[in-house]
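Please prepare a short briefing on the structure below, with attention to how the ligand is held and to the overall form of the chain.

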Amino acid sequence: MIDFDRIPRERLMALLRSAPKAELHIHIEGSLEPELIFDLARRNGVALPYASVEALRAAYAFTDLQSFLDIYYAGASVLLKEDDFHAMAMAYFARAAADGVVHAELFFDPQTHTDRGVPMAAVVQGLARACADARTQHGIDASLILCFLRHLTEAAAFDTLEAALPFRQHFIGVGLDSSERGHPPEKFARVFAKARALGLHLVAHAGEEGPPAYIESALDVLKVERIDHGVRCVESPALVQRLAAQRMPLTVCPLSNVKLCVVPTMADHRLPELLSAGLCATVNSDDPAYFGGYLGDNFVATFTALPQLGAREAHTLMRNSFEASFSPPEAKAAWIAQLDQAFAAG
Ligand code: HPA
Ligand code: ZN
């Protein structure tokens with residue numbers, strides 16, 4: 001038995017960074033730091049509409065999801081070669097390892113690259129090689145989830161899935177991201193059914209900026225196994241009850257929610273309420289290079305602003321991250337035993 005009440009706040013803050021955890025909601029293109037963007041732009045001869053690293057960073061003042069996506073897609077335009085994708089992911093894995101991440105499921109947006117003429121092979125093989133290197137260099141178990149851009153058509157999503165099938169062994173599932181409002185999950189019903197028939201895992205962003213009804217249609221129409229963000233579920237008590245009863249995981253991204261004005265301040269975040277309601281909520285970084293921090297920073301910022309969250313909640317969030325992962329039961333059990341040990345030693 002872990003005596004959570006005896007863990008001092010200072011020790012808890014250290015555990016938030018050091019304890020083993022899984023990251024389930026990270027757009028790998030969102031881990032591209034301004035320094036690497038400029039470095040790759042120089043090497044690849046790509047012109048950027050920003051004069052310097054500082055000027056680019058200064059543009060990171062977002063008012064909503066779309067204001068972020070415009071800059072995020074501009075940043076990703078420097079990625080051309082397989083090695084660029086590999087370098088980007090390796091930089092992420094080094095940061096993740098320092099935050100105690102032992103398992104990561106990385107989103108990637110192939111359309112952002114293939115629409116610029118980058119071959120699907122360069123994207124997937126660069127990232128897949130980084131996942132293999134993450135294990136040998138950092139002991140991180142990593143896999144890939146291919147995301148469809150929801151502001152584009154379902155036909156384009158079908159083409160993307162088709163183009164990715166020669167690399168089927170390199171990704172474990174499909175997701176849905178980009179501009180949420182006006183692009184409901186139903187738009188992608190058939191391509192998700194196809195992915196499901198192929199044995200791929202299914203996730204979708206829903207209830208970040210979109211209404212609770214989008215969470216419901218992600219569940220009922222797309223048949224997803226996790227909801228990415230999902231924080232607007234709090235507007236529907238019946239939906240909260242359903243998510244808790246089904247233990248449907250939510251991959252919550254606290255710093256992202258503040259930066260994209262989904263919540264006014266971190267102190268207003270409803271994560272404590274989601275946990276009290278018995279939801280399988282997890283903490284994730286979303287686009288850490290753009291939102292002010294990686295996974296450890298997300299935990300520390302959340303627990304600092306919300307003092308009602310203590311050691312028990314930290315342990316629950318980390319255990320949930322393993323439970324909600326697409327890993328085999330034996331791996332989950334081994335990581336949870338490591339997590340228990342870290343807290344027991346506290
Ligand atoms: N929401 C939707 N699409 C995204 C995000 C996000 O937070 N980050 C990268 N693509
Ligand atoms: Zn996201």
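In this predicted model, a polar side-chain atom of His27 lies 3.3 Å from a nitrogen atom of ligand 1, a polar contact being a pair of N or O atoms within 3.5 Å. Local features need pLDDT of at least 70 and side-chain atom pairs count only at pLDDT 80 or more, whereas totals for chains, interfaces and linings use all residues. Residues are numbered from 1 along each chain as its sequence is written, chains are lettered from A and ligands numbered from 1 in the order in which they are written, and side-chain values use heavy atoms, with hydrogens and water left out.

**Contacts of ligand 1**
- A polar side-chain atom of Glu208 lies 2.8 Å from a nitrogen atom of ligand 1, and an N or O atom in the side chain of His229 is 3.3 Å from an oxygen atom of the ligand.
- The protein buries 100% of the 260 Å² that ligand 1 exposes when taken alone (accessible areas by the Shrake-Rupley method with a 1.4 Å probe).

- The residues around ligand 1 include Leu65, Phe68, Tyr72, Asp177, Ser178 and Asp286, where near means a heavy atom within 4 Å.
- Helix α4 (residues 65-76) supplies the largest share of this shell, four residues, helices being DSSP runs of H or I with at least four residues and strands runs of E with at least two.

**Overall form**
- The protein chain has 17 helices and eight strands.
- Its C-alpha atoms fill a box of roughly 55 × 40 × 40 Å along the principal axes.

Key:
Polar contact = N/O pair within 3.5 Å; in protein donor to acceptor, adjacent residues only side chain to side chain.
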